[in-house]
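Visitor: Please show me the model, and then let us go through it by question and answer.

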Amino acid sequence: MFSQRIEGLRPSPIRAILDVIDRPGMISFAGGLPATDTLPQLSGVVPASTLQYGPTEGEPELRAAVSRQLRGLGVDAPPDRVMILSGSQQGIDLAAKLFVDPGTPTAVEYPTYLAALQVFRFYGARFVDLADPDSARTALAYVVPTFANPTGACASDAERDRLAARCLRDGTVLFEDDPYRDLVYDTCDRTPIAARMGGSSWIYQGSFSKTFAPGLRLGFIAASDDLFDRLVMVKQATDLHTSRLSQHIVLDAVTDPGWGARLDRLADFYRSRRDVFDDALTRHFGDLATWETPRGGLFFWLHLTRNVDTRGLLDAAIERGVAFMPGEEFSPDRPSIGTMRLNFSHADTDQTDRGLGILADLLRS
Ligand code: PMP
């Protein structure tokens with residue numbers, strides 16, 4: 001089940017010691033801990049003691065808060081099976097380290113998240129199209145079922161059930177990446193696939209990048225019992241633990257009574273950006289492309305009516321001051337020529353109208 005590199009992985013003896021040195025009265029000559037008195041006073045932000053080294057799994061209060069949220073979604077994730085990540089991008093790296101050797105068959109959606117492909121490729125994954133009914137069993141199935149990047153699509157309950165059943169049947173580890181679930185503008189099925197995995201192996205991760213601040217690099221991962229401890233070991237070997245400053249800033253935010261209202265306001269804000277974008281697309285791209293209005297997330301995925309090389313188009317667009325992502329970047333092979341990903345959350349109404357006008361002009365010419 002696991003990659004060859006995991007065979008040699010052992011828990012660090014320092015980690016076991018670090019767990020006991022916080023006991024009252026303990027004299028420690030063990031870790032390389034700076035004297036707490038020398039740590040900076042970030043007054044009003046965090047107590048100096050939280051700027052000391054911390055546990056690999058993350059701050060207990062934040063793990064508990066994430067656990068409450070996941071259990072509310074039906075995911076079997078008690079606090080001791082939740083780990084805080086240095087961005088959810090790190091979860092992809094940890095899972096790839098745990099499962100992927102050169103040549104390991106790894107199922108992904110075509111198209112899928114570009115930077116996940118980058119990580120899996122780095123460890124030598126052999127990509128398999130999750131939609132290919134004849135595809136062989138794979139070690140891992142990486143999916144973004146809720147408001148996918150790049151397509152914005154949201155899988156139905158039936159599709160979620162089917163994927164869970166398939167993973168259970170084939171002994172494939174489900175790896176559900178869910179950073180967009182709170183950016184929801186219209187109702188749709190969103191119950192995590194990880195909530196349907198019974199006693200089988202699964203990994204579920206989320207992010208505070210879209211709901212709070214990407215620069216803090218804060219995400220989280222939860223996993224079934226058979227995987228969690230190994231993920232912790234891999235995380236420890238990667239970066240010891242996530243920034244405690246970032247964790248405390250996010251902890252304050254998510255335990256604030258106003259957190260739910262903040263998510264609602266965010267969704268309202270992005271819903272109106274999506275609507276503005278959709279209208280502008282209809283005006284400028286009505287005869288140039290087809291698309292489905294995303295019910296959440298941050299992206300429109302366009303199929304151009306003519307098979308234009310969007311990579312070539314990008315060079316011309318950048319010269320005129322507009323950027324987008326050519327669709328072919330999002331598939332490991334068999335690139336989707338004639339597709340493009342357009343983000344609608346960043347540009348304001350005026351920029352959206354001007355930018356789409358320029359792209360449409362370029363396409364017409
Ligand atoms: N997964 C997906 C599907 C994403 O779109 C992103 C961000 N673009 C990430 C993971 C990484 O997010 P972060 O590391 O900021 O949590």
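Visitor: Where is the place of Leu-245?
Guide: The model is a predicted one. Within this model, Leu-245 falls in a helix that covers residues 244-255, namely α8.

Visitor: Is Leu-245 buried, exposed or partly exposed?
Guide: Within 10 Å of Leu-245 there are 14 other C-beta atoms. A buried residue would need 20 or more, and an exposed one 12 or fewer. Leu-245 is therefore partly exposed.

Visitor: Which residues is Leu-245 in contact with, leaving aside its neighbours within four places in sequence?
Guide: Along the chain, Val-45 is 200 residues apart from Leu-245, yet their C-alpha atoms are separated by 8.1 Å. With sequence neighbours within four places left aside, the contacts of Leu-245 are Val-46 and Leu-51.

Visitor: Which strands are the edge strands of the sheet?
Guide: The open sheet has seven strands with mixed pairing, in the order β1-β7-β6-β5-β4-β2-β3. Two of them pair on one side only, and these edge strands are β1 (82-85) and β3 (126-129).

Visitor: In β5, what is the bridge partner of Tyr-142?
Guide: Strands β4 (residues 140-143) and β5 (residues 173-177) pair in the parallel sense, over four bridges. The partner of Tyr-142 in β5 is Phe-175.

Visitor: At about what angle does helix α4 run to β6?
Guide: Helix α4 (residues 88-99) lies across β1, β4, β5, β6 (202-207) and β7. Its angle to β6 is about 160°.

Visitor: How many residues of the shell around the ligand are charged?
Guide: The residues surrounding the ligand include Ser-88, Gln-89, Tyr-113 and Asp-177. The shell divides into four nonpolar residues and seven polar ones, and the number charged is one.

Definitions and conventions: Residues numbered from 1 in each chain as written. Predicted model: local features only at pLDDT ≥ 70, side-chain atom pairs only at ≥ 80, totals over all residues. Near = placed C-beta within 6 Å. Nonpolar A, V, L, I, M, F, W, Y, C, P; charged D, E, K, R; others polar. Helix = DSSP H or I, 4+ residues; strand = E, 2+ residues; numbered from the N terminus. Contact = placed C-beta atoms within 7 Å. Pairing = 2+ DSSP bridges. Axes fitted to C-alpha atoms, helices over the stretch in contact; angles between N-to-C directions.
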